[in-house]
Amino acid sequence: TFYERDCRLASDGVVGCDRAEVTLEGCVIEDCGYGGGDGAHFWHETVARLSRCTIRYAHYGVGVDDSAFVSVRACTVRDCHFEAFYSGINAARAEMELLDNIVYGDL
C-alpha cells in the first residue's frame with residue numbers, strides 16, 4: 001500500500017540515532033525539513049549507507065553528528081535550501097564518505 005503525506009513540517013526525512021544501522025537504496029526523500037531539518041540525519045554511533053538515492057527540496061541534504069558514520073554513494077542531492085552535506089557542531093568524531101554524487105540546484 002502506498003501512503004502519501006505532506007512531510008514539509010517534519011524535522012528530518014530519515015533519522016538514525018544511538019547505534020542504529022541504516023541502509024537506503026534507490027530511495028527518494030523530498031519535501032521535508034522545512035522547519036530546519038535534513039533529508040537524512042545521523043547521530044550518535046549510527047552507521048548509515050545511502051546508495052542511488054535522490055534527496056530534494058529539503059533544508060539540508062545529509063547531516064552527521066557525534067560519532068556517526070555515513071557513506072553516500074551515487075546519490076543526487078538537489079534544490080536544498082542550504083548545504084547538500086554537512087557535519088554538525090558535535091561532529092568531531094563523525095565520518096562522512098562521499099563517492100560519485102551529483103549536487104545541484106538553485107539557491
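Asn90 sits in a loop, between strand S10 (85-87) and strand S11 (95-99). The model is predicted. Is Asn90 buried, exposed or partly exposed? With a relative accessible area of 47%, Asn90 is partly exposed, because the exposed class starts over 50% and the buried class lies under 20%.

Which residues does Asn90 contact, leaving aside neighbours within four places in sequence? They are Asp65 and Asp66. Ser67 is 23 residues from Asn90 along the chain, and 8.5 Å separates their C-alpha atoms.

## Overall fold

The protein chain has 12 strands and zero helices. From the N terminus on, the elements run β-β-β-β-β-β-β-β-β-β-β-β.

Of the 107 residues in the chain, 41% are buried. Take the contacts between residues at least 6 apart in sequence: 56% of them join residues at least 24 apart. The accessible surface is about 6,600 Å². Carbon and sulfur atoms account for 47% of that surface.

## The nonpolar core

In soluble globular proteins, nonpolar side chains tend to be buried together. Here the largest nonpolar core holds 23 residues. Val14, Leu24, Phe42, Leu50, Val62 and Val70 have the most contacts inside it. Strands S2 (21-25), S3 (28-32), S4 (38-42), S5 (47-51), S7 (60-64) and S8 (69-73) each give two or more residues to this core.

Methods: Residues are numbered from 1 along each chain as its sequence is written. This is a predicted model: local features need pLDDT of at least 70, side-chain atom pairs count only at pLDDT 80 or more; totals for chains, interfaces and linings use all residues. Side-chain values use heavy atoms; hydrogens and water are left out. Helices (H or I, at least four residues) and strands (E, at least two) are DSSP runs, numbered from the N terminus. Buried means under 20% relative accessible area, exposed over 50%, partly exposed in between (1.4 Å probe, protein chains only). Contact means heavy atoms within 4.5 Å. Accessible areas come from the Shrake-Rupley method with a 1.4 Å probe; for residues, only the protein chains shown count as cover. A nonpolar core is a set of buried Ala, Val, Leu, Ile, Met, Phe, Trp, Tyr and Cys residues joined through side-chain atoms within 4.5 Å.
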